[in-house]
Amino acid sequence: MGALMRGLRVVLATAMLVAVAPSAQVANAGQPTLAQLIGQKLVVRMEGTTPSADLLGRIRRGEIGGVVLFGSNITTRAALISLTAELHAAARAGGQPRFLIAVDQEGGPVKRIPWAPPTLSAPAMGRIGSASVARTQGADTGAALHALGIDIDLAPVADIATATGFMYRDGRTWSISAVKTALLADAFASGLESTGVMPSMKHFPGLAFATRNTDAYAVTIGMSRLRLAPGLKPYRTAIGHHIPMIMLSNATYPAYDSVNAASWSHAISTSLLRGSLGFRGVTITDSLTGTAKARGVRTSTLAFRAARAGTDMILLTDSEASTRAVFASLLTRVANGSLSRATLQASYVRIMAMKAGASG
């Protein structure tokens, strides 16, 4: 059923893009403005529990394509529903494509909405070992998020557990088995999609061997391609079922690219993920905020590298002022010729296809 639902959503997305009104086609798919080409890439953090006038203006003008919510944005169920409705309405008022609202709702220690499912953590589901249980947990989570006006769950984690891995220590992995991880992560993703919420499987190509958190440290995983290969299995499975979004890791993998972390590596995000594994959906960086600080570089520099590498969406979790600066910086990069409009256009088409399939 999961594979069928995902296949139908791909067909629906294509059909909706073809059927869109001519005026919207010009604005959204045919001839997007440069602001839209860049803005639709950006998923930013919102400050406080109600959106500022400035944030709403950016949404109306198409300068951001989504918001990620954290615990500090969330109070009551009624307030959250009102918030998501206001954000979606701002995009509609500006004639923009559907606005995306994302949240990290993995279960266990990473669960931004405390009263919502999943009721089981990934390790607990891994011990049960049932795809049916994982799918039900995903469906329950998706139903709850959908009712709250949330479009994307930044889950499931697809990293394999290893004794030294920080993801395992933090209680966020399913199993030491690549086969079981693939089965359960895919089932959870399928459950989310069955209720109209998009999953974002993470963190490609895998954080099994990362001993420190990539949000706080510059991490290099020096394993061979042979050692890294099992970590690709969950993605192969999910790609076979048309997963709509994959989040890239902020670790560096010299076996694939000795210079760039996955979030801004063409070799990983394009050659490996799209070329070798056949992914056709949307890629998104892990948050660039912490890793930029750990690397001693500007967030805007990493955002530029990610956009140049062909990564579709860029996740930014620092201040609203900082994310405005990233938008302005990317505009400048196009103007001076260091960032290709054609690369932005290719990402825009994929983002629009995914948004067309988003539940309204």
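Author: A residue is buried when its relative accessible area is under 20%, exposed when over 50% and partly exposed in between (1.4 Å probe, protein chains only). The model is predicted, so local features need pLDDT of at least 70 and side-chain atom pairs pLDDT 80 or more, while totals for chains, interfaces and linings use all residues. Residues are numbered from 1 along each chain as its sequence is written, and side-chain values use heavy atoms, without hydrogens and water.

Reader: Is His 242 buried, partly exposed or exposed?

Author: His 242 is situated in the loop between helix 11 (233-240) and strand 8 (245-248); helices (H or I, at least four residues) and strands (E, at least two) are DSSP runs numbered from the N terminus. The relative accessible area of His 242 is 39%, and therefore the residue is partly exposed.

Reader: What is the phi of His 242?

Author: His 242 is a residue other than glycine, yet its phi is positive. The value is near 65°.

Reader: Is Phe 279 buried or exposed?

Author: Phe 279 belongs to the loop between helix 12 (266-276) and strand 9. Because its relative accessible area is 1%, Phe 279 is buried.

Reader: Which residues does Phe 279 touch, not counting those up to four places away in sequence?

Author: A contact requires heavy atoms within 4.5 Å. With residues up to four places away in sequence left out, Phe 279 touches Ile 239, Ile 243, Pro 244, Met 245, Ile 246, Leu 273 and Arg 274.

Reader: What separates the C-alpha atoms of Phe 279 and Met 313?

Author: Along the chain, Phe 279 and Met 313 are 34 residues apart.

Reader: Is helix 4 roughly parallel or oblique to helix 15?

Author: The axes (lines fitted to C-alpha atoms, for helices over the stretch in contact, with angles from 0 to 180 degrees between N-to-C directions) give the angle. Helix 4 (residues 53-60) and helix 15 (residues 320-335) have axes that come within 11 Å and cross at roughly 30°. Angles under 35 degrees count as roughly parallel, over 145 as roughly antiparallel, 65 to 115 as roughly perpendicular and the rest as oblique. Helix 4 and helix 15 are therefore roughly parallel.

Reader: Which residues of helix 15 make the contact with helix 4?

Author: Helix 4 contributes Asp 54, Leu 55 and Arg 58. On the side of helix 15, the residues are Glu 320, Thr 323 and Arg 324.

Reader: Is helix 4 roughly parallel or oblique to helix 5?

Author: Helix 4 and helix 5 (residues 77-93) have axes 7 Å apart, at an angle of about 45°. That angle makes helix 4, relative to helix 5, oblique.

Reader: Which residues of helix 5 meet helix 4?

Author: From helix 4 come Leu 55, Leu 56, Ile 59 and Arg 60. Their partners in helix 5 are Glu 86, Leu 87, Ala 90, Ala 91 and Ala 93.

Reader: Which elements do the buried residues of helix 13 pack against?

Author: In helix 13 (residues 288-295), the residues Leu 288, Thr 289, Thr 291 and Ala 292 are buried. They pack against strand 9 (282-285), helix 14 (299-309) and strand 10 (314-316).

Reader: What is the omega of the peptide bond that joins Ala 155 and Pro 156?

Author: Pro 156 lies in the loop between strand 6 (152-153) and helix 8 (166-169). The bond joining Ala 155 to Pro 156 is cis, and its omega is about 10°.

Reader: Where does His 203 lie?

Author: The peptide bond from Lys 202 to His 203 is cis, with omega near 5°. His 203 lies in strand 7 (residues 198-204).
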